[in-house]
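Here are my notes on the model you sent over.

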Amino acid sequence: MRREHLAIEDLRAWAALSDVSYSGITIGRLSGDRGCGIITTAENIGEESIILTVPSHLILSLENVWIHAKSDQHLKEVLDAVGEYSRTARGAILIFLLLQITHSATSDSEKVGVSNPLTQYVKFLPEKVPLPTFWTEEERELLAGTSLEAALDAKLKSLDREFTHLQDSTASIGWCQRHWWSTERGTLTFDDWKQIDAMYRSRALDLPGTGHAMVPAIDMANHASGDATIALYDTDPDRDAVLLLRSGKNLQANDEVTITYGDGKGACEMLFSYGFIEDTMISAQELFLDLEIPDDDPVKLAKKAVAKSAPGFKLFLEEESIGWEGDFVWLVCVNEEDGLDFRLLQTHDGGKELQVFWKDCEMHDVSKLRGLLEEDRLWEVFHLRVIATLQDRIEQQLLALEQSKNRIGSLEHIRESDIYRTALTLRKLEEELMLQAYEEFEHKVFVPNERDVILDANAACFRKPSWCNQR
């Protein structure tokens, strides 16, 4: 679909018309080839000064999208058609962005939607966002063995499901069929949907008091972590979004004003959502590895049915050591002989409900399994199983990373690209994190008095835990 674009130099005029107030700053092009950002124009801007205020009605949030729908029949039609998807911030905002682009792309005689200040603001957004969802198949090979490989594959499948749902839900709406889906005139493509997704993911903020939202002008600020973060975004008592300098920051003219997109985000998430890894990043910080339940597990299907958490675990750097979390792993590592049981019970309305039990007592929340295991006399054995499972999965990932190195080295024709360099940074940082995790877990596999614990297994396996009698 054709998109109109406006020069960043025109943004100040749009801001003035839209009641966005600047104080000692402007939004424009940065020196060198660094794109656009927020730049100071005044000398000696004091710390904790409010330098940018965006009226609440301009904040692109779930709530405001539905407010727009009250006066925009076309927007409301699509929101209603896609059902629950439009009740999420992501779904509502993506559809709103699509309607603004469609409005600008249609002729005056067939205009779709109602023009509003955000219709123009969308035209200032970059034509291309360098997220991995746009990488070629060859470029995606650079991710082999990284945690981003599976995450990107899952994201592309999710985007395809969203796009298919949008088409199926709106194909019967006349103007949607005409402008989006018709083989003769329809112009909406899967690539357009990826572009809209990239607009949202690369610019969405977790705005206090609002949640996930896009905030015009503030979302033009670039990222810098740690002490290099210059400003913070917040909400004032009038629910307007504000950008204010951090304590201890005093700026001179032509300094760039940066915000943090999340200092706790790992290298994988930064590349996935924003298309870059900060030069100062010396650790992957965290990564997620998926985990399969073994095919020979007789209760594999039941475990998958009751699992509420993501099927895997997260490794993360905690000070100088490696931590991990993942409720799913505990479910993988215990079985019927330990005391885990599944029963299909009939509900009052005649339906069927799968319930899970630990030593004959029902577990209403599977995420509490670890706590129950910690009370068990075989806790050391269960913990050993889990650590061994984590080690085995990390070893698999390290092997995949190693086996892909020859293929990576053969991609000489893209070696000078930013994508190649960024992917290699991700590979290096994740390999270092996994190696550290594997080595640290190696020191945890020793179980004191393990033989005595195992010999006492028969007695312990079906002893009811203390919590059961308290119900």
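**Notes on the model**

1. Ala253 is found in the loop between S9 and strand S10 (256-259). Helices (H or I, at least four residues) and strands (E, at least two) are DSSP runs, numbered from the N terminus. At 23% relative accessibility, Ala253 counts as partly exposed; the scale is buried under 20% relative accessible area, exposed over 50%, partly exposed in between, with a 1.4 Å probe and protein chains only. From Ala253 to Glu412, 159 residues along the chain, the C-alpha separation is 43 Å.

2. Some ground rules before going on. This is a predicted model, where local features need pLDDT of at least 70 and side-chain atom pairs count only at pLDDT 80 or more, while totals for chains, interfaces and linings use all residues. Residues are numbered from 1 along each chain as its sequence is written, and side-chain values use heavy atoms, with hydrogens and water left out.

3. Now the overall picture. The chain has 19 helices and 16 strands, and its C-alpha atoms fill a box of roughly 80 × 55 × 55 Å along the principal axes. Of the 471 residues, 49% are buried. The exposed surface comes to about 23400 Å², with carbon and sulfur atoms supplying 49% of it; these areas come from the Shrake-Rupley method with a 1.4 Å probe, and for residues only the protein chains shown count as cover. If you take contacts between residues at least 6 apart in sequence, 68% of them join residues at least 24 apart.

4. Which residues have the most contacts inside the largest nonpolar core? They are Leu52 and Trp180, in a core of 75 residues. A nonpolar core is a set of buried Ala, Val, Leu, Ile, Met, Phe, Trp, Tyr and Cys residues joined through side-chain atoms within 4.5 Å. H4 gives the largest share of this core, ten residues. Apart from it lies another core, of 62 residues, including Cys268, Leu331, Val334 and Val356.

5. Leu52 deserves a look of its own. Not counting residues up to four places away in sequence, its contacts include Val20, Ile25, Ile38, Ala217, Ile218 and Val242. Leu52 also has Leu243 in S9 as its bridge partner, and Tyr233 stands opposite Leu243 too.

6. Four strands form an open sheet in the order S1-S4-S9-S8, with antiparallel pairing; strands count as paired if DSSP finds at least two bridges between them. The edge strands are strand S1 (21-22) and S8, each pairing on one side only. Strand S4 (residues 50-54) pairs with S9 over four bridges, and Val54 stands opposite Ala241 in S9. Strand S8 (residues 231-235) pairs with S9 over five bridges. S8 and S9 form a hairpin with five residues between them, and Arg239 in the turn has a positive phi of about 70 degrees. Strand S9 (residues 241-245) itself is mostly covered, with four of its five residues buried.

7. On to helix H3 (residues 73-81): which of its residues are buried? They are Leu75, Val78 and Leu79. These residues cover an arc of only 100 degrees around the axis, which puts them on the same side of H3; the arc is that of the directions from the helix axis to the C-beta atoms. An α-helix has 3.6 residues a turn, so residues three or four places apart point the same way. The cover over the buried residues of H3 includes helix H2 (62-69), helix H4 (89-105), helix H7 (147-170) and helix H8 (174-181).

8. At its start, a side-chain oxygen of Asp72 comes to within 3.2 Å of the backbone nitrogen of His74. Just after H3, Gly83 takes a positive phi of about 70 degrees.

9. Last, Thr106, in the loop between H4 and helix H5 (117-121). Is Thr106 buried or exposed? Thr106 is buried, with a relative accessible area of 10%. Leaving aside neighbours within four places in sequence, Thr106 is in contact with Lys111, Val112 and His179. A polar atom of the Thr106 side chain lies 3.1 Å from the backbone oxygen of His103.

Key
Contact means heavy atoms within 4.5 Å. A polar contact is a pair of N or O atoms within 3.5 Å; within protein, one must be able to donate a hydrogen and the other to accept it, and residues adjacent in sequence count only if both atoms are side-chain atoms.
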